[in-house]
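Here's a quick briefing to read with the model open in your viewer. Take a look at the fold first, then work through the topics below.

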Amino acid sequence: MNGSLLEIENLSVSYRGEDGSVFTAASEVSLSLNRGESLCIVGESGSGKSSVAMSVPRLLPSPPAFWPQGRILFDGKDILAMSPKELRSVRARRIGVVFQDPIGSLSPLHRIGDQLAETLFLHCDVSRSAARATALEWLHKVGIPEPEQRLKAYPHELSGGMQQRVMIAMALMLGPDLIIADEPTTALDVTVQSQILSLMRSLVGKDSALLLITHDLGVVAKMASKLAVMKDGRVIETADDVSAFFANPSHPHSRALVAEARKMEL
Ligand SMILES: Nc1ncnc2c1ncn2[C@@H]1O[C@H](COP(=O)(O)OP(=O)(O)OP(=O)(O)O)[C@@H](O)[C@H]1O
Ligand SMILES: [Mg+2]
């Protein structure tokens, strides 16, 4: 048995339109990720990054999404073959997801503290008061100033950067083995982006793994221990050595992406 935490094997992701037409967003994708690693999937808009990443926690609405072929082995078990019950338990406890748009993922009607505490209360065997204490501890951990006051805030009362910090707390506090973050900093300004990335790097430990989706090679350079480049739904290049990739990308499209990113830096 191989020890990968996540093994995506020959996966295709398609969408069926209302007229019955089928569009294949990702084709024959194979990727693997171990504990202690950060895998960045990079590629231009529409290359299929989110289709692949969101297939892992099965967060793509199905229909229209379906998986014509392939397996997604999480700790050796195929997520695509799991029962709804198994899937719910894996999703809640073992896979944490950070979305691009935190405000869309937090409930506008409930205070931050209540949302965090409720998640803990639902999924862990803890009392309500212990859940509140842990929620407070996590607000502190993710760098929210005056966390006691912020517990009582509603999401819209926080800045975008702070909302994303809350989202990260929400994704990490149950101690998931795998964290999936889809463009977690794209909506934030550059300074806040860098703070959030540092925070994620510091919180993803040796026992967990990060699957990070980005179109930004600067983010890859900062975060990745390995990477995959997607284009038109296919993985066109993978690299286990990120500095070697930047020094010498092998696919012409990767070379163009790196050249473009260098130009933007100047
Ligand atoms: N629900 C859907 N129905 C039909 N097509 C879809 C659906 N969701 C995504 N697609 C298509 O699948 C392709 C890949 O989309 P995907 O969102 O995976 O790309 P991406 O690499 O994440 O892009 P971005 O960087 O813009 O987020 C696109 O052509 C997109 O239009
Ligand atoms: Mg996307």
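**A parallel pair to start from**

Strand β7 (residues 178-182) and strand β8 (residues 209-214) run parallel and are joined by 5 bridges. Strands here, like helices, are DSSP runs numbered from the N terminus (E, at least two residues, for strands; H or I, at least four, for helices), and two strands pair if DSSP finds at least two bridges between them. Within this pair, Ile180 has Leu211 of β8 as its bridge partner.

This is a predicted model, where local features need pLDDT of at least 70 and side-chain atom pairs count only at pLDDT 80 or more, while totals for chains, interfaces and linings use all residues. Residues are numbered from 1 along each chain as its sequence is written, with chains lettered from A and ligands numbered from 1 in the order in which they are written.

**The sheet**

- β7 and β8 belong to an open sheet of 6 strands with mixed pairing, in the order β6-β7-β8-β3-β9-β10.
- β6 (95-98) and β10 (234-239) are the edge strands, each with a single partner, so one side of each has no neighbour in the sheet.
- On average, neighbouring strands of this sheet are turned by 15° against each other, direction ignored (axes are lines fitted to C-alpha atoms).

**The nonpolar core**

- The largest nonpolar core has 72 residues, and Ala169, Leu211 and Leu227 have the most contacts inside it.
- Such a core is a set of buried Ala, Val, Leu, Ile, Met, Phe, Trp, Tyr and Cys residues joined through C-beta atoms within 7 Å; buried means 20 or more other C-beta atoms within 10 Å of a residue's own.
- Helix α7 (residues 160-172) gives the most to this core, with 8 residues.
- Leaving aside neighbours within four places in sequence, Leu227 is in contact (C-beta atoms within 7 Å) with Leu39, Cys40, Val42, Val220, Thr238, Ala239, Val242 and Phe245.

**The whole chain**

- The chain has 11 helices and 10 strands.
- Its radius of gyration is 19 Å, close to the 18 Å that the globule rule gives for 266 residues, so the chain is as compact as a globular protein of that length (taken over C-alpha atoms; the rule is 2.2 Å times the number of residues to the power 0.38).
- Buried residues make up 39% of the 266 residues.

**Around ligand 1**

- Ligand 1 is surrounded by 13 residues, the closest being Tyr15, Ala25, Ser45, Ser50 and Ser51 (C-beta atom within 6 Å of the molecule).
- β2 (22-33) and α1 (49-53) are the elements that give two or more residues to this shell.
- α1 gives the most, with 3 residues.

Conventions:
Axes are lines fitted to C-alpha atoms, for helices over the stretch in contact, and angles run from 0 to 180 degrees between N-to-C directions. A residue is buried if 20 or more other C-beta atoms lie within 10 Å of its own, exposed if 12 or fewer, and partly exposed in between; C-beta atoms are placed from the backbone. Two residues are in contact if their C-beta atoms, placed from the backbone, lie within 7 Å.
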